[in-house]
Amino acid sequence: MNWKQEWKPLAAIVAVFAACYWLPVDWLQASRRVENALWESLHLVKWYAQEHVLLCLVPAFFIAGAVGVFVSQAAVMKYLGPKANKPLAYGVASVSGTILAVCSCTILPLFAGIYRMGAGLGPASAFLYSGPAINILAIVLTGAVLGPEMGLARAVGAVTFAIVIGLLMHLIFRKEELAKIDAAAAMPEPEVARPLWQNGLYFASMVGILVFANWGKPADPVGLWQALYEGKWIITSLFSLALAAILVAWFHVSPVRMLMAALPVVVLALAFPEQPILAFVAGFLGLSVLTANGKDEEGELQEWFSTSWDFAKKILPLLFWGVLVAGALLGRPDHEGLIPSGWIASLVGGNSLWANLFASVVGAFMYFATLTEVPILQGLIGAGMGKGPALALLLAGPALSLPNMLVIRSVMGTKKTVVFVSLVITMATISGLLYGAIF
């Protein structure tokens, strides 16, 4: 018998047997925790679908599809590839999340888009980590609610560790990066279909839609943030009009077809002003019809839709199952899953290595929507959570989640995903220890 091959099934059998042998059935039945965990998973999936799929993921899929079609592989390799200027590549990747204002789920299709187009593993990993963590809204809210030193530490830690994680990923998998360098050397100069400034405005219009459609309500209903929140749908509409004009002027969409696609949007916006999501959905349905049946000679519009749909059908099922599992294990904010929140709060007091590591691991597996990590941490700190573990959770939580890991694995592979997750947890733990020791 070859035990090098047989140890895995033996270990699985022993683990399942041990779990069954010590299964706390009486405790689970008495606390109704299993039943509650089932409902929590369903509640989280419903909340996720209502708050993130339509407003976050749908625009992100179209942006990712546009990256795959309208951004040449040679251009990605030039600025983010393994041969790119390192300060430029890592600098852009580590701070780009400040203008995107995306959460961990929305960054996935964008990361998949640039990685598959040839971006170096290091810059792509830095972008994947820092995108949600460096969100400017989250940094501001962190400083306002948890203190300016926590907000500053989060911003500095997110950018610094994004670069460190990216460089380590590059060094660990440098053989594969060398192969990308060879491929880049043999790549011909791309043919430019339209000027860079036109593509820049095209992407800016879509990013504007993504950012302002998801603009959250500020904690204090005064000032600039509140004004932007109140006018978010007007601003989103202006970016949508800009995108429509760009598609007609530079992508050869018929004005008549564009007007036909826009008509349902206008009708729904006027008929149901209190439900802007209806007009938003109608807009993206119209965009889907226009691109899926594109009449341009180059076939770019159809390719754009096809690439966007390819991202959606690969990513959405993985996110669905990941959210179900995360909800069952950890529940929603202020609700219980299989793992009692009291256990978590009791394990992250003080500033020990264990407390910071535990906070990093829990944060890495739990799903945090944009800005929700701040009130959650506020409650945990009030229950006795230490400042170090709080920062560790802030640096691990928004950048990762169980649903993310499933999707990242499908893009990078199991080995790279394990290394990336391990680096995120390690860096978050180290930052928590340092911050707790200083403050």
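**Exercise 1.** Leaving aside neighbours within four places in sequence, with which residues is Ala 133 in contact? Describe its setting in this predicted model.

*Solution.* Beyond four places in sequence, Ala 133 is in contact with Ile 139, Arg 154 and Ala 158. The residue belongs to helix α8 (residues 121-133). Finally, the C-alpha atoms of Ala 133 and Gly 397 are 8.4 Å apart in space, although 264 residues separate the two in sequence.

**Exercise 2.** Determine whether Asn 356 is buried or exposed, and identify the backbone oxygen that its side chain reaches.

*Solution.* Begin with the location: Asn 356 lies in helix α19 (residues 353-365). Next, consider the geometry of that helix. At 1.5 Å a residue, the 13 residues of α19 should span 18 Å, and the end C-alpha atoms are 19 Å apart, which agrees. Asn 356 has a relative accessible area of 0% and is therefore buried. Other buried residues of α19 include Phe 358 and Val 362. The side chain of Asn 356 reaches the backbone oxygen of Ser 352 at 2.9 Å. Apart from neighbours within four places in sequence, Asn 356 has contacts with residues including Asn 351, Gly 388, Pro 389 and Thr 429.

**Exercise 3.** Classify the ring pair of Tyr 202 and Phe 251, and then the pair of Phe 280 and Phe 284.

*Solution.* The structure holds 13 aromatic pairs. For Tyr 202 and Phe 251, the ring centres are 4.8 Å apart and the planes meet at 40°, so this pair is tilted. Tyr 202 is in helix α12, whereas Phe 251 is in the loop between α14 and α15, 49 residues apart. Both residues are buried.

For Phe 280 and Phe 284, the centres are 5.1 Å apart and the planes are at 55°, so this pair is also tilted. These two residues are four apart in helix α16 (residues 276-292), and are therefore separated by about one helical turn. Phe 280 is buried at 9% relative accessible area, and Phe 284 is buried at 13%. Ring pairs place both pairs in one cluster, together with Phe 62, Phe 203, Trp 233 and Trp 304.

**Exercise 4.** How many residues does the largest nonpolar core have, and which helix gives the largest share?

*Solution.* The core has 110 residues; Tyr 129, Tyr 202 and Trp 304 are among those with the most contacts inside it. Helix α3 (residues 33-70) supplies the largest share, 13 residues. Tyr 129 touches, among others, Phe 161, Ile 165, Leu 395 and Phe 420.

Definitions and conventions: Residues are numbered from 1 along each chain as its sequence is written. This is a predicted model: local features need pLDDT of at least 70, side-chain atom pairs count only at pLDDT 80 or more; totals for chains, interfaces and linings use all residues. Side-chain values use heavy atoms; hydrogens and water are left out. Buried means under 20% relative accessible area, exposed over 50%, partly exposed in between (1.4 Å probe, protein chains only). A polar contact is a pair of N or O atoms within 3.5 Å; within protein, one must be able to donate a hydrogen and the other to accept it, and residues adjacent in sequence count only if both atoms are side-chain atoms. Contact means heavy atoms within 4.5 Å. A nonpolar core is a set of buried Ala, Val, Leu, Ile, Met, Phe, Trp, Tyr and Cys residues joined through side-chain atoms within 4.5 Å. The expected span of a helix is 1.5 Å times one less than its number of residues. Rings of Phe, Tyr and Trp (its six-membered ring) pair if their centres lie within 6.5 Å; planes under 30 degrees apart count as stacked, over 60 as edge-to-face and the rest as tilted.
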